[in-house]
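Visitor: Could you walk me through this one, starting from the overall fold and ending at a single sheet?
Guide: Gladly; let's look at it together.

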Amino acid sequence: MPERPNVLFVITDQQRADHAGFMGNTTLETPNLDGLAASGMVFENAWVSNPVCMPNRCTMMTGRMPSAHGVIFNDRSLERDVNTFVRRFQGSGYRTGLIGKSHLQHGMSRNAVVPFRGEPSATLPFPGGWDRIEDSERYLEGSPDDPADFYGFDHVEFSIDHGPSVAGHHLRWALDRGGRREDLVIDLDAPAPGSDRSAHWRQIYRPPYPEELHSTAFVAERTVAFIEAAEAAGGPWLAWCSFPDPHHPMTPPGKWFDRYRPADMALPPTRDDPLDGAPAHLKQFAGIHPRDQRNWVSPCGFGEDALLGEAIAATYGMIGMVDNAVGQVLQRLDELGVREDTIVVFTSDHGDMMGDHRLFLKGFMHYRGTLQVPMVIDVPGCPAGRTSALASSIDLGPTLLDLCGIAGYDGIQGTSLAPVLHDAGASVRERVLIEDDVPVVLSRLTPIPARTRTVLTEGCRYTRNAKGEEQLFDLGADPNEMHDVRDRRDVRARMLEALADAMMVADDSSRGAPYVGASVQ
């Protein structure tokens, strides 16, 4: 591996760990991701730090838990001046680019949450507009001036929103290629143009524009363009290649909509789980049909088997298109002769219940479907393999800093996975902590607990929320999480101790600490 390797960080949105061929899925075809997995290290035991988009994406950026970096929910933006692993790469001479979904700021989710009521606890000392960079309105009539620095990225091209809704730089790009505004700028809460819409749920259909205008095509093309420009300028680069799919709405474009037949989809064996002893909010979610969601993104049940088959088929279509796009980017690295100079990471920000345990989509459901993610790290010179070592989203930034010989910063809570990349039998973690919080105003208006904490060890998953509700599963004996064993007092005591230890380690001690060189009175 070169002393200063390039970094290609590929991330999808809402892709389950088992929604990839290299993770054992025999229906979904992902030849390019499978090829990457064959040359890299596959982390079969990788988990999120938070099962919600913004908190976990901010954790990957900062190497810090949501309770430390402050973005505990999709209703606030990552503070402008926080340190990120990307800023460390930028400061070390790397060209840094973010292409696709960012969601480090609250722009795309402003209309999907209960608004906060009241005065804030503190006023941030940033200039007006600092947290409006991802607001879709800014891009409706033209491309605004980009910030000189966006959390360490010196180049950004956003694809804001999901499914058929086109916004951000993606909108300007699609309009330049002949797209019609009325097909591209839509309201996901209202009926939208398209065809082949599911009779069971309006969020499954074919978009009205060709696949060449979809977000996946945009991300692939513009990532390649960034890499080509960076190579022409010389010096190493870091590209954050971020696909908005396969997050719902489930709207694969063109031929990808027809790639899989709903009748051929295997349905999850746990979809009839009575949820005996499960937290009350999960039972309530399971009773909500997708057509009766509070808005287009709220957690719910899966409705019926016919809907679930359609949803899985459409999701597989979206992932198939992403796989094809990843292949295009990797092929260009080969053509440029820099593949062997480049570290490639592939992961997702969280999963999707997709019918497991009668639940659908994501949000405050601490089961494997939302908590476990695919993860591959391909490092030139490191052996290919598969590992069962515990890993977390919070570890990715520290791992890349370690591999590239770049110093970290105060407050990093993740652990470098580099030892595992050199030896699949190595282990750097005894446990993984997962946080999940909602604002107090939301917990008062919904059945969602204000706080949920999960700890995973090599063999068990223990979850406890602010209402005192618990779940405990022996994942080795019960990988489908169907038989709660919290009555095993010895196991429960051990997991409670593991949770307490994990939460103490996650306690943040860096805020307010003096800068290097500052005098201490």
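**From fold to sheet**

Guide: Among contacts in the protein chain between residues at least 6 apart in sequence, 73% join residues at least 24 apart. Keep in mind that this is a predicted model.

Visitor: What radius of gyration does the protein chain have, and what would a compact globule have?

Guide: A compact globule of 521 residues would have a radius near 24 Å, and the protein chain has 22 Å, which agrees. Of those 521 residues, 60% count as buried. The secondary structure comes to 14 helices and 16 strands.

Visitor: How do I read a sheet, and which strands form the open one?

Guide: In general, strands of a sheet pair through backbone hydrogen bonds, either parallel or antiparallel. Here, 4 strands form an open sheet, ordered E13-E14-E15-E16, with antiparallel pairing. Strand E13 (432–437) and strand E16 (470–474) each have a single partner strand, so one side of each is left without a neighbour in the sheet. On average, neighbouring strands are turned by 10 degrees against each other, direction ignored.

Visitor: How many bridges join E13 to E14?

Guide: There are 6 bridges between E13 and strand E14 (residues 451–456). As one example, Ile434 has Thr454 in E14 as its bridge partner.

Visitor: Which helix lies across these strands?

Guide: That is helix H14 (residues 489–506), which lies across E13, E14, strand E15 (460–465) and E16, and runs at about 70 degrees to E15.

Visitor: Is helix H11 mostly covered or mostly exposed?

Guide: Helix H11 (residues 396–403) is mostly covered, with 7 of its 8 residues buried. Among them are Leu396, Pro398 and Leu403. After H11 comes Gly405, with a positive phi near 70 degrees.

Key
Residues numbered from 1 in each chain as written. Predicted model: local features only at pLDDT ≥ 70, side-chain atom pairs only at ≥ 80, totals over all residues. Heavy atoms only, no water. Pairing = 2+ DSSP bridges. Helix = DSSP H or I, 4+ residues; strand = E, 2+ residues; numbered from the N terminus. Axes fitted to C-alpha atoms, helices over the stretch in contact; angles between N-to-C directions. Contact = heavy atoms within 4.5 Å. Buried < 20%, exposed > 50% of the residue type's maximum accessible area, 1.4 Å probe, protein only. Rg over C-alpha atoms; globule rule 2.2 N^0.38 Å.
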